[in-house]
Each structure stands twice: as structure tokens, then as C-alpha cells.
Amino acid sequence: MSTVQQPDPSDRPARLTVGVVGAGRVGPALAASLQLAGHRPVAASGVSDASRRRAEAMLPDVPLVAPAEVLRRADLVLLTVPDDALPGLVSGLAETGAVRPGQLLVHTSGRYGAKVLDPALRAGALPLALHPAMTFTGTPVDVQRLAGCSFGVTAPEELRLAAEALVIEMGGEPEWIFEENRPLYHAALALGANHLVTLVAQAMELLRTAGVEAPDRMLGPLLGAALDNALRSGDAALTGPVARGDAGTVAAHVTELRRHAPQAVDGYLAMARATADRALAHGLLKPELAEDLLGVLAHSADGADGGHGTTGTDGTEGNPR
């Protein structure tokens, strides 16, 4: 946890009034963080009961109003709605005259850059794309997690310093992303974070099936070490049967997955192939072992049983490690 002393908002006058359109998990946390920096949340909008409760909890005494009214009251507006809803929202607000000249309009979508705000730009708004590279819970802990969090920043060049300053005020680290690179940037984050959740959840389910009473306790140290090693060393951190070229072990895995969790087979094979390619390219997987391993993966992908190599008749590996 950061030991940096957060500024007391009472020590200085508020500089910007802040509004939130879309009180999901992200918007209230960012608004609360801006409040710590001396800005003043004045309005929020939310559709679902959950979003309204969240706004009331994290932004107490901030009124819940319609989106157009949020824009009327605020100098800085956070548009924190789902990606697919963002273009329509921006167009609608601009067409109805809700956008004011000189108003800072900030969206938090990872997919889009600043161009999605062009309708508001034509109405005189100042467009900023500030995407926090963080998962949110919708609770006050999110505000603490913003300390040191990287933000993908995209904006017109003349607004770059303003965009980066807002990120720094929220305790984040600005990372400039060119407009054309936003989809790739977002795909990378989804691959690393969203898919990780799926992999961990599947691993926990399989461990429970195998009789492990506390799969979270078993996986925690292992996954923590793997993540740390991967961030430090990249492909050099690869370990396990694929990187070693243990075709028989991989075949046994596929057999067991088909028996107990057939829905996990395709994902296992896809990740094993990707891991084999990276291990081979990095010199970890010996070419003479790669042939048998890739043969197992191809054979298994065709829907055949995973039995191969050193696997015994009872499905156990002949040379377990």
C-alpha cells in the first residue's frame, strides 16, 4: 500500500466540478479519487439499482440526475459506460446540445481513443481518453488501487499535458497510446487480465475435482511466483511439461481433461500450442522433443484420445515430475 500522504481537500479550494455518466464500478472510484485531489463531484447518473447504490456509497451527498443534467453541472465529465454504448451516448449528448464549449469530456474505454468523442469536440468540448489498466470491484478499495496504476492516455496533442496531469492527480501513471494503437493495447490487456481470471477459475475447479480442499491456498503462491517471474523474465520464465517437451505428460493431461472437464480441453490445447511455440523460439524446448509434443497436440485437437508416448495403461505418466 502506498505511504504517500493524500492531500486533504479542505486545504485548498476545489478546481473543477466533476460529473459521472454511468455509475458502474469505474466512474465513482475515479470521481472519489479526483475528490481527494481537490476537485468536487457534483452529479452522477446511473440506471440500475446497483449503480445507484454504488454512487450513493462512494459519492455521498452527490445527487443522481439524468446524463444531460450531469453535463450541465460539471466542468469535467467522466463517461464510464460500456464500450459498445459509448459512441451512441456521445452522439446523443452532442445532438441534444448537452455538451458545453470548454468542457472536459473524459471516457475510460480501453478500446477507443479520442476520436470517438469527435461529436463532442465539434460542440466545443475537450476530449480525453483515460483508461485505467486495473480491475474494479465497485468498492472504496478501488481508490487505493489507483495509486501507481497505469492509465492508457490518448488525446489531441495540445491536451496531452492536461490529460497526463489528471492521471497523476488520481495517483496513476500516464502511458501515452497513439489513437491507432488503442484496439491492440486493449486486446493485450484483455488477454493478460480477463483470460487470466478464466484460467485461474478453471484451475480451481479442476483442483476441487481432484480432491483439493483449498485450491485458492494452493494456487496463490504458485501463481504469484509465476506472475512475478513472467513480468521479470518473459519467456525465460516458462516451465512445465510443455516447455520441457514432456509429450506423455501432456497427453495424460488431455485424457484427464476429456474425462473430467471436456469444456477445458480446447483452451488447454490452444495455450499449450502457444506455449510450445514460444518455448521453441526461446530455446527452452528442444527441437527433437518438440516434434512428439506438437504431434500430441495435433492428434488431440482432432478429437482423438490423448494417450501417447510414455503414458501408462492406467493413464498415469511413465516418468512423472
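Modeller: On a 1 Å grid over the protein atoms alone, a pocket is an open set of points where a 1.4 Å probe fits, with protein on both sides within 12 Å along at least five of seven lines; its lining residues have an atom within 4 Å of a point. Grid points are joined across faces, edges and corners, and a volume is the space filled by probe spheres set on the points. This is a predicted model, in which local features need pLDDT of at least 70 and side-chain atom pairs count only at pLDDT 80 or more, while totals for chains, interfaces and linings use all residues. Residues are numbered from 1 along each chain as its sequence is written, and side-chain values use heavy atoms, without hydrogens and water.

Biologist: What volume does the second largest pocket have, and which residues are the closest to its centre?

Modeller: Its volume is about 700 Å³. Of its 23 lining residues, Val-26, His-131, Pro-132, Met-134 and Phe-136 are the closest to the centre. Strand E5 (126-132) and H8 each give two or more residues to this lining, with H8 supplying the largest share, five residues. Here helices (H or I, at least four residues) and strands (E, at least two) are DSSP runs numbered from the N terminus.

Biologist: How much space lies in the largest pocket?

Modeller: The largest pocket holds about 2600 Å³. It is lined by 50 residues, and Leu-199, Leu-223, Ala-226, Met-271 and Thr-275 are the closest to its centre. Helix H8 (182-209) gives the largest share of this lining as well, 14 residues.

Biologist: How is the packing of two helices described?

Modeller: Two packed helices are described by the angle between their axes and the distance between the axes. Axes are lines fitted to C-alpha atoms, for helices over the stretch in contact, and angles run from 0 to 180 degrees between N-to-C directions. The axes of H12 and helix H13 (residues 287-301) come within 10 Å and cross at roughly 165 degrees. H12 is therefore roughly antiparallel to H13, a term for angles over 145 degrees, whereas those under 35 count as roughly parallel.

Biologist: At what angle do H1 and H2 pack?

Modeller: Helix H1 (residues 27-36) and helix H2 (residues 49-58) pack at about 15 degrees, with their axes 9 Å apart. They are therefore roughly parallel to each other. Pro-28, Ala-29 and Ala-32 of H1 make the contact with Arg-54, Ala-55 and Met-58 of H2, where contact means heavy atoms within 4.5 Å.

Technical notes. Angles under 35 degrees count as roughly parallel, over 145 as roughly antiparallel, 65 to 115 as roughly perpendicular and the rest as oblique.
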